[in-house]
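Let us walk through a structure together. Keep the sequence and the 3D view side by side as you read.

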Amino acid sequence: MKKAIITGVTGQDGSYLAELLIEKGYDVHGIIRRSSVDYRERIAHLEGNPQFHLHYGDLIDSTSLISVIAMVRPDEIYNLAAQSHVQVSFDVPEYTADVVATGVLRVLEAVRMCGLADTCKIYQASTSELYGKVEEVPQSETTPFHPYSPYAVAKQYGFWIVKEYREAYNMFCCSGILFNHESERRGETFVTRKITLAAARIAQGKQEKLYLGNLSSLRDWGYAKDYVECMWLILQNDKPEDFVIATGVQHSVREFCQLAFHEAGIELEFKGEGMDEKGYDKATGKVVIEVSPDFYRPTDVVNLWGDPTKAKTELGWNPAKTSFEELVKIMVQHDMKKVAVERAGEYVACNLEEYLEKGVVK
Ligand code: NAP
Ligand code: F7E
């Protein structure tokens, strides 16, 4: 039985990857942070499974990483843990660098210190944010990097230190350069989930308006469940290499809103430009989407579009398994059910101040 460690197992991707590896017969060891309350919603269904084990550890604490790696002696490590919110990285740049940049180094060094450099394969969760202020469209493995946020700069260190350890110590460590991938388990402050939850709440009369930032931002959005398959494939490849994982299809935030609200039963019409742009419910004429400067970033990445040819041809991965339309449908259908059981009045944001206070800050 192969043994795998997943850092960030409580996150969106970690939970799907744990399910996939269990299905494939692995003994899965997840690393979780110690906290005074348990927040393990995404993995609650796996607890009690004899193939699933949890250990305390933190990417900013090498001792904890060394002790888990020494005890488990894994065949594979998937390093998914991160402060993964781009806008938050402008507020906590130092912490972001510690987890997202130095954290990768700590994992690599822990593997070496435990004498596993020749046997343990390592997957690093890299990101399309490395292309940032894009120098080429679409972006592939040969596109130059131009990181454009503290998060992206930290991830760039992670990418290069993985490459360095591969060349210096002949370790099997690789980066998956993953474009945005979403799901019904996506964190609620990322734009897609913020939209699908708001569409459901507005459709059910539990929220008045949704406040967003740049509606014209373009993303290549895929389904997280399909993307974790690729993480596994990257480590099963003959040679350690880096891969772009994307669908090859691009949409704007505005288009995501239109489709999500349509799935929730509301036809949207956008009028106005820039900060004055508004989304109207065509049937009632009411404004349901407004733009707020609170959700703009000091520097924003606005044109991400991936070329998944290498992953398709060399790994046999299918980038078209779940279409954009199916992804939005899955998320909205899930959130319509979730919102239906929320207590009335539990979530009604009538103005921006209230919206911000309710914690949907980013
Ligand atoms: P996520 O939902 O935000 O999950 C992040 C995970 O990292 C959580 O389990 C979190 O634990 C854990 N974590 C944060 N700080 C930690 C620390 N100091 N020590 C240990 N664990 C820590 O992120 P995701 O969407 O699943 O993404 C997974 C990885 O892929 C991340 O590295 C992200 O940067 C990268 N990525 C994501 C995308 C995407 O579109 N989703 C695209 C490219 C790359 P808690 O539950 O305790 O907070
Ligand atoms: O923003 C715009 C925002 O926060 C997408 C992470 O998983 O993917 C994710 O990072 C776009 C940006 O994701 C709002 O300005 C407009 O242009 O959903 P997001 P992200 O920044 O692309 C990459 C690949 C990762 O690696 C990251 O870990 O949408 N946008 N209005 C907004 N974004 C948010 N969050 N909230 C808004 O109100």
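What follows looks at two ligands and then at one residue.

This is a predicted model, in which local features need pLDDT of at least 70, side-chain atom pairs count only at pLDDT 80 or more, and totals for chains, interfaces and linings use all residues. Residues are numbered from 1 along each chain as its sequence is written, chains are lettered from A and ligands numbered from 1 in the order in which they are written, and side-chain values use heavy atoms, with hydrogens and water left out.

Start at ligand 1. It is surrounded by 24 residues, and the closest are Thr10, Arg33, Asp58, Ser84 and Tyr151. Here, a residue is near a molecule if one of its heavy atoms lies within 4 Å of it. Now look at polar contacts, pairs of N or O atoms within 3.5 Å. A polar side-chain atom of Tyr151 is 2.6 Å from an oxygen atom of ligand 1. The side chain of Arg33 has an N or O atom 2.7 Å from an oxygen atom of the ligand. A polar backbone atom of Leu59 lies 3.0 Å from a nitrogen atom of ligand 1. On its own, ligand 1 has 910 Å² of accessible area, and the protein covers 88% of it. Such areas come from the Shrake-Rupley method with a 1.4 Å probe.

Which element gives the largest share of the shell around ligand 1? That is β5, with three residues. Helices (H or I, at least four residues) and strands (E, at least two) are DSSP runs, numbered from the N terminus.

Move on to ligand 2. Of the 24 residues around it, Ser84, Thr127, Lys194, Ser217 and Arg297 come nearest. The backbone takes part here too. Val191 places a backbone N or O atom 2.8 Å from an oxygen atom of ligand 2. A polar backbone atom of Gly213 is 2.8 Å from a nitrogen atom of ligand 2. Alone, ligand 2 exposes 700 Å², and the protein buries 96% of that.

Finally, find Gln139. It sits in the loop between β5 (121–127) and α5 (150–169). Is Gln139 buried or exposed? Gln139 counts as buried because its relative accessible area is 0%; buried means under 20%, exposed over 50%, and partly exposed in between (1.4 Å probe, protein chains only). A polar atom of its side chain lies 3.1 Å from the backbone oxygen of Asn303. Gln139 also touches other residues, including Tyr131, Phe179 and Trp305. Contact means heavy atoms within 4.5 Å.

Key: A polar contact is a pair of N or O atoms within 3.5 Å; within protein, one must be able to donate a hydrogen and the other to accept it, and residues adjacent in sequence count only if both atoms are side-chain atoms. Lists of a residue's contacts leave out its neighbours within four places in sequence.
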